[in-house]
Every structure is written in structure tokens, then in C-alpha cells.
Amino acid sequence: MTQSPLRRVSARRAVLGALLAGTLGVTAACAGNSSTGSSAGGGGTEPRYGDTMTVAYKSDPKTFDPAVCYDATCWNNMRMMYDRLYDYTGDTMNIAAQAAADMPQVSADGLTYTIKLRAGMTFTDGKPVTAADVVYSFDRILDPATKSPVASFWTGVKGAADYAKNPGGDLAGISVVDDSTVQIVLTAPNSSFKYVLAMPHASIIEKGTAAKPVGSGPFVLDHFTPGSEIVVNRNEKYWDSPRPYVNKVVEKLGVDPHVQLLELQKGQIDLMGDPIPAADYLTVSNDASLKAQTKTIVKPSTYYVTMNTQMKPFDNPKVREAVSYAFDRSFLLKLVAGQGQVANEYLPPGITGYTSDKLVHDQDIAKAKQLLADAGYPNGFETTMYSWNTSPWTALLPQLQQDLAKIGIKVDAQPIQQSAFFDLAATPNKAPMTLTFWVADYPDGSDFYQALLSCAAAVPGGQNYSFYCNKDVDDLVNKALAASTVEDANKIYAQATAKMLADNPVVPLYYGSKTEVFGKTVGGYHSQPIWGWDMTNYWKTTGSASR
Amino acid sequence: MSRFLLRRVPQAIIVLFGVVTLAFLLTHVVPGDPARLIAGPNASAATVASIHHELGLDRSLAYQYGKFLLGLLHFDLGTSFALQNTPVSTAILRALPVSAALAVLGVLWEAVLGIPVGIIAAYRPGKLADRATTLASLVGLSAPPFWVGLLLLYLLAFKFNLFPLSGYEAPFINYLILPSFTLGLGGAAWYARLTRTNMLEALRSPYVQMARAKGMPERVVLLRHCLRNVLSPLLTMLGMDLGYFLGGVVVIESVFGLPGVGKLTFDAIGTLDVPMITGAVLFAAFFIVVMNLLVDLAYALVDPRVRR
């Protein structure tokens with residue numbers, strides 16, 4: 001998807017980001033605590049069958065249509081009601097075949113993906129899952145009538161632009177080979193495309209059922225009462241039998257997150273749909289009885305400062321370099337209760353392209369002042385920094401302001417409402433500095449680079465708040481996407497990051513993590529860094545030993 | 001009476017019209033783009049533009065306003081931006097019974113808690129009961145309802161299992177007692193103060209002295225003679241409160257997770273759901289205006305002077 005007009009990225013990331021931001025500030029766990037591998041989670045190691053899992057959310061899902069799903073509530077429902085070709089396993093960032101029979105066969109030029117479907121799968125209405133259904137589900141995303149917020153992930157598919165103009169025709173790049181084989185042709189090699197096939201919006205629905213999607217997932221929608229509840233039942237004919245373990249999932253809606261926590265402690269719900277509220281964090285962390293029911297994992301996310309390279313004085317590389325020496329990262333982490341780990345480069349750990357080399361600068365006030373003087377600002381200057389007006393930004397912003405004051409830069413700190421922030425930061429010459437973050441859509445460096453630092457993203461309405469454009473960096477990212485092995489890709493991304501950070505359009509601060517609490521009777525619980533809940537693999541310890 | 005109505009009903013309509021216009025304009029003036037929020041902040045410009053077009057946001061404000069008014073004449077409040085394919089009126093009508101039950105119970109709590117306290121305080125002004133009442137009502141007025149709500153939830157629902165923590169299903173009353181009590185508690189303070197002031201005034205009037213001189217028992221003096229005089233301002237306030245609560249109590253409904261109009265409004269504001277916000281504001285204003293009218297009518301019935 002190298003030629004894809006950027007601004008990709010899913011909105012769900014922003015939602016998820018908001019969730020994450022909510023959790024931040026509240027969790028004092030560190031990376032050392034994070035679980036890796038597939039640990040058994042709480043409540044026994046032997047799966048048990050039956051019973052009901054009860055969860056709660058603050059808000060209703062906005063849709064049940066995967067192609068437009070972007071809020072966290074609908075997102076978890078996508079994973080329960082539909083299958084995708086690939087899905088993330090356990091608490092890892094690795095994908096495995098789900099509706100596909102195996103990993104995709106990629107042609108030598110990296111352009112053609114041939115995917116066999118798992119044999120014998122059926123939709124919940126009994127019809128078989130065929131290649132035509134998969135093509136239908138993917139075509140919809142690129143049809144402007146669907147208004148999919150994630151269509152940009154698919155613009156690297158051959159013929160995507162033509163199809164968007166004339167949705168009545170055929171999408172050249174996605175086709176049925178035979179009943180159980182799908183072929184996808186890209187316009188440029190993209191080793192991260194397999195991850196796009198595992199995203200929530202790539203869920204497979206039965207052809208022609210867009211208005212009321214029929215899926216093949218582990219659960220079937222029983223009913224949705226707006227403002228009250230969603231109930232899904234186990235799909236008894238699910239291909240991965242005996243999973244799912246629980247018979248039913250009840251999702252209570254409109255439950256305040258504070259109350260969710262109380263209900264969880266009381267055993268009235270099993271999982272919280274929203275993050276632990278910042279004010280309740282101490283309750284959770286000090287409660288010994290909750291310790292065994294708490295999990296913290298590293299989220300593939302980076303919190304960072306941007307400097308608008310098109311605006312004075314940040315068009316001067318020396319000024320940007322000076323700023324890169326301004327921040328005390330360990331102290332910033334304390335302000336968010338230690339939730340996360342200090343950044344050593346731009347990409348977070350676990351992502352293809354991450355290097356453990358230290359590519360950022362520690363705080364060095366003298367050096368920063370010297371650089372500012374060299375740049376012609378011996379007495380500093382005044383500027384403005386924007387961020388969201390929620391936690392953890394409001395906790396971090398004053399400290400960044402103080403750190404910058406130490407080197408002579410007087411910052412007007414402006415925490416503002418989210419949608420106003422996006423408007424402002426994405427408009428050229430409006431926001432000299434921002435404090436922002438990014439959570440990976442999938443574990444590949446291109447997800448960060450293409451969306452946040454590519455020339456294609458340095459446009460009004462894009463996410464490249466630095467308006468940074470370096471063709472060499474773009475080329476390296478494209479090269480990494482075409483690399484034949486992960487090792488090669490890692491090396492090329494490391495070069496790209498070193499090159500980019502030498503220009504200092506951004507200053508990485510720290511990597512985030514998330515903490516979740518689960519009920520006493522939840523078995524097999526694990527967090528998922530990329531997705532939401534893995535309801536297929538959780539069970540209730542109150543269930544029976546056999547079905 | 002009909003002349004009174006003839007004058008007041010057009011007035012009410014003008015007020016509603018003004019409120020709706022203001023709500024419509026405000027939602028369009030605030031920063032942030034509904035289409036961008038729907039598409040997600042990072043959607044491509046083309047996606048945002050197509051949503052703009054779909055919602056008619058690319059037309060002039062005057063056109064949008066005209067279309068909105070035209071719909072209103074047909075009792076069509078439009079379709080929610082955020083909740084896919086849900087007409088605003090459907091969503092509000094679905095939420096209305098919850099808010100109505102909460103409103104009626106809340107007003108009852110206000111009266112039941114506030115009025116007796118006010119009477120007791122007025123009976124011996126400056127004494128312990130009075131001071132305690134003043135202090136309590138100060139606390140009642142100052143305590144933010146979301147905090148009181150969470151506190152009550154923690155104590156009565158979490159610690160003592162007396163009430164459910166959240167939800168709304170039959171028997172509904174179980175889910176309404178705590179929120180309506182929280183709602184009534186804040187308001188009760190106003191009622192206590194209003195009752196006290198008016199009772200004090202009444203207690204000083206000559207007819208009370210006369211009644212006492214006649215040797216009437218204090219109970220009769222207080223409840224039959226004084227309280228009657230206090231009732232009309234209290235009724236006004238109860239009527240107004242009921243109208244106000246019917247429009248949805250945003251904070252309390254959110255804390256207790258009641259699927260009422262307030263929760264609907266709260267969510268709509270979060271997603272810049274313009275039709276939903278405008279619709280909710282219109283409903284809220286409608287109830288206030290109607291209750292106002294009813295209160296005035298009640299006055300007019302009792303007091304001929306008002307009818308002129």
C-alpha cells in the first residue's frame with residue numbers, strides 16, 4: 001500500500017486511544033509485569049463450559065456493520081459475531097488463520113495474495129461461507145456508499161480508486177478464484193497487508209446482508225435493546241468447537257465506568273467495557289483481593305510531541321534539535337502513575353521495525369540552550385502546544401511546559417476538545433507544537449510512518465502534525481514493506497527511524513500500557529494488545545466440566 | 001379564561017421556536033465537525049466529504065435550518081447522526097418513559113423531604129432544628145449530584161446490597177429509588193428554604209395571631225392556616241421542576257445508567273449528534289414551557305387577578 005494516499009488509520013484507533021488515555025494515569029504497572037505467551041489467566045486452567053458472561057459498557061455501539069465499526073463497543077461485538085480471514089492469537093501480536101485455511105500464498109513479486117478458505121464453515125443461517133462472501137465484504141469497504149472510515153487501508157488494492165468511482169463495476173484487485181479461494185492483488189508489495197485482513201472491519205459477512213449482517217462468528221446476536229443491553233448466544237455450529245465456552249454473553253449498556261468497577265468487585269459483571277477510571281485506580285491497585293484479577297500489558301503505542309516543520313521557528317532544524325534535549329522522560333512517566341515505559345525510539349516495542357537502540361536524547365538543558373543560541377534564539381521564544389483536554393494530557397502538558405521553560409521556550413499550553421484538536425493540528429500553519437499519541441492498528445512500523453510522518457500524510461486533514469516530508473524516509477518505509485524477511489524489514493525501519501529522528505519532527509516520550517480487571521469467575525482471561533476481548537477463549541469457572 | 005389561553009399559547013410557541021433556533025445555531029457554531037466525528041478523526045477527506053453530503057452539511061445553514069423547520073412541522077426531528085438509521089423522535093420517545101418516571105419520583109422526594117423540614121425550621125427560627133436545617137440544605141445545595149449519586153451507590157448498593165448498581169428492567173421501581181432520591185435530595189434543600197421563608201412570613205401575619213389568640217392548637221395553625229398560604233409558591237416550583245426533569249436529568253441518568261432522555265442528550269453531545277441534541281433540547285424546552293403554562297393556568301383558576 002505504498003502508493004496509498006495516506007491518512008489511513010482507523011478511527012477506532014482514536015477511540016481506543018481515548019480508552020487508553022483513560023487508563024493511563026491510572027496504572028502503576030510496568031513493562032516487566034506484562035504477560036507474554038499464552039498464560040492461562042485467572043480462575044483455573046481447565047476450560048469449563050456453559051454459563052453466561054456479563055459485561056458492561058458506558059455507551060451503545062453505533063453500528064453492527066463491520067465495514068463502519070469504529071467504537072470499542074462495536075469492535076468487541078465484531079469479534080464475537082464475525083470471523084475474519086486472520087485473527088490475533090492470545091495476548092500476542094501474531095496472527096493465525098481463522099476463516100482462512102492457512103496464511104496467504106504471496107507471489108514472488110509480493111503483489112498477489114491467494115487465500116484458501118477453511119473448509120466446512122457456515123454462516124449462522126446455515127449457508128456455506130464462500131469466496132464470493134469474502135469478496136462482497138471487502139468490496140463494500142471501498143464502496144463510498146458504505147462510508148467506511150477505514151477504506152484508506154484498502155486503497156493499495158489494484159483498481160480501488162476506479163471501484164470507488166464506479167462501485168457498480170468489478171473491483172479488479174479482489175476476486176473469486178473458486179468457491180473456496182480468494183485472490184487479492186496489490187499495486188505495490190506490502191508485507192503488512194496480512195494484518196489489514198485481521199482488522200475488525202475485515203470481518204466476513206454473508207453476501208447481500210449488509211443491512212442486517214449475518215456472520216459466521218462464535219456468537220449470534222439475540223437482541224439489542226438500545227440503552228439497555230445486547231445479548232448474544234453461542235453459535236452451536238461454530239467451526240472451532242467446543243469453543244466458544246460460554247453459552248451466552250450479556251452486554252449491559254449505559255453503565256458508568258465507576259459503577260462498572262463496583263459491579264465487577266461484587267461479581268455482578270465479569271468484564272469492564274471501559275477503562276478503569278483514573279480516580280478508581282488506587283482502589284484497584286491497593287486491593288489485594290483484586291491482584292489476581294488484574295492484568296497489565298504493553299500497548300503498542302507511542303506518546304510524543306510534534307513540531308510543525310513548516311512554521312517558524314520550528315522550520316529551523318537546530319530549534320527542533322534543542323527541543324529534543326528538553327524533556328525528562330522518567331519524570332513524565334511518574335505523572336501517569338508509571339503506566340508505560342520510557343521511549344528509546346519512535347516505534348514501540350513489539351512492532352516490526354522496533355529497535356532497542358537508543359535513538360532519542362536524554363534531557364540536557366545546557367546543550368539545548370546552546371543549540372537554541374546557535375539557531376539565533378539565545379533568549380528562547382514563545383509558542384503554543386495543543387493536546388486533548390482529558391487525562392493523561394492534562395497531567396503531562398504542564399510538565400512539558402516547565403521542561404521547555406528551562407531551555408527558554410515559553411509555551412502557551414492549550415488542552416482542547418478532541419474534534420477541535422484534530423481540526424487544528426491537521427490544518428497547515430495552525431499548531432506549532434502538539435502533544436499526541438498513536439496506537440498501532442497492526443504491529444508494523446509502516447502503520448506509524450505512513451499515517452504520521454509520510455509526505456502523503458503531510459496534507460490538510462492528515463495526521464502528520466509536523467507536516468514533515470522526507471522522501472528518503474518514505475522510500476525506506478516502502479523498501480521495508482517490500483522486504484522479504486522480518487529481519488530485513490527491522491533493519492530498514494531502524495534506518496528510517498534514525499534518519500527521521502535526526503530531523504527531529506517529533507520527540508518520542510514514552511510507550512503506553514493498559515491495565516484490565518476481570519471478574520473472579522472468569523477463566524482463561526488474557527488481554528489483547530491489538531484487539532479487544534477474546535470471548536471465544538474465555539470461560540466461566542462456574543461452568544460445567546463438559547458440554 | 002379563553003382570552004388568557006389565547007395570549008399564552010402563541011407566547012409559548014414563540015418561546016419554543018426561539019429555543020429551537022438557538023439550539024440549532026449553537027450546534028452548528030461549536031468547533032468540531034460532526035462528519036469527521038462520524039467518520040472517525042482520521043478518515044480520508046473523501047469519506048468526510050461524502051458524509052457531509054449525505055447529512056446535508058454541505059448545504060447553506062439557511063437551507064439546513066429551513067429543512068429542519070419543515071421537518072418539524074411534520075413532527076419529523078430528523079435522523080440521528082451517531083446512531084445509525086435511528087429517527088430522533090423514536091430515540092427520544094423510547095427514553096421518555098424512563099425520564100418521566102424519574103421526574104415524577106424526583107419531584108415527590110423533593111416535596112416529601114423538603115416541605116416538612118421547612119415547616120419544622122420555621123416553627124422555631126434560630127433554634128437548633130432551624131440551624132441544622134439551614135446547614136443541611138446548604139450541603140444539599142452544594143453537593144454535586146454525581147458525587148452524591150456515586151456515594152449512595154457505593155453505600156446502599158455496593159456495601160449493603162439494598163439496591164441494584166445499574167440497569168433498568170422490571171420491577172423498574174428498584175432501579176428508580178436511588179436516582180430519584182439523589183435528584184430529590186438536591187432539590188429538597190430549595191423546598192426547605194422556600195417553605196421556611198414563606199412559613200415565617202405567614203406565622204407573622206395577623207390571622208395567625210388571631211388563630212392563636214382563639215386558642216387553636218399549634219398543629220392546626222401551622223398546617224391548616226400557614227401551610228395553605230405556602231402551597232401556591234411550592235406548587236409553582238414543583239410544576240417547574242417536573243417540567244425541567246422531564247427534559248432529562250443528564251448527570252443523574254448517566255451515573256445510574258438510566259436509558260432516559262438525559263443520557264441520550266449526554267451521549268449526543270459527546271458525538272456532536274446535531275439532530276439528537278436539537279431534538280432533545282426541543283423536548284426539554286417543550287416540557288418547561290408546557291409546565292409553565294399549566295402552572296399559570298392553575299394560578300389563573302385560583303386567582304382571578306391573573307386572568308386579566
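## A guided tour, starting at a covered helix

Begin with helix α13 of chain A: the elements covering its buried residues include β12 (294–307), β16 (433–439), α14 (471–482) and α15 (486–503) of chain A. Select residues 445–452 to show the helix itself; eight of its eight residues are buried, so α13(A) is largely enclosed by the rest of the structure. Among these buried residues you will find A:Asp447, A:Phe448, A:Tyr449 and A:Gln450.

Keep in mind that you are looking at a predicted model. Colour chain A by pLDDT: the mean is 88, and 92% of its residues reach 70 or more. Residues 1–43 of chain A are where the pLDDT is below 50, although in the model this stretch has 169 contacts beyond near neighbours in sequence.

Next, show the cysteines. A search of the whole structure finds two disulfides over all chains. Select A:Cys455 and A:Cys469, which are joined by a disulfide with an S to S distance of 1.9 Å. Their S-S torsion is about 90°, so this disulfide is right-handed. Both partners sit in the loop between α13 and α14 of chain A, 14 residues apart. Buried or partly exposed: which is A:Cys469? At 45% relative accessibility, A:Cys469 counts as partly exposed, while A:Cys455 is buried at 13%.

Now move to A:Cys69 and A:Cys74, whose sulfur atoms are 2.2 Å apart in a disulfide. This link is right-handed too, with 100° about the S-S bond, and both cysteines are buried. Taken in sequence order, the bonded cysteines of chain A pair 1-2, 3-4.

The sheet is the next stop. Select the five strands of chain A that form an open, mixed sheet in the order β8-β9-β10-β1-β11. At its edges are β8 (219–225) and β11 (271–272) of chain A, each pairing on one side only. Over at β1 (residues 52–56) of chain A, two bridges pair the strand with β11(A) in the parallel sense; look for A:Val55 opposite A:Leu271.

Finish at A:Val319, in helix α8 (residues 317–324) of chain A. A:Val319 is buried, with a relative accessible area of 0%. Which residues does A:Val319 touch, not counting those up to four places away in sequence? Show A:Pro313, A:Phe314, A:Leu372, A:Ala375, A:Tyr377 and A:Phe381.

Definitions and conventions: Residues are numbered from 1 along each chain as its sequence is written. Chains are lettered from A and ligands numbered from 1 in the order in which they are written. This is a predicted model: local features need pLDDT of at least 70, side-chain atom pairs count only at pLDDT 80 or more; totals for chains, interfaces and linings use all residues. Side-chain values use heavy atoms; hydrogens and water are left out. Two strands pair if DSSP finds at least two bridges between them. Helices (H or I, at least four residues) and strands (E, at least two) are DSSP runs, numbered from the N terminus. Buried means under 20% relative accessible area, exposed over 50%, partly exposed in between (1.4 Å probe, protein chains only). Contact means heavy atoms within 4.5 Å. pLDDT is the predictor's confidence in each residue, from 0 to 100. A disulfide is a pair of cysteine sulfur atoms within 2.5 Å.
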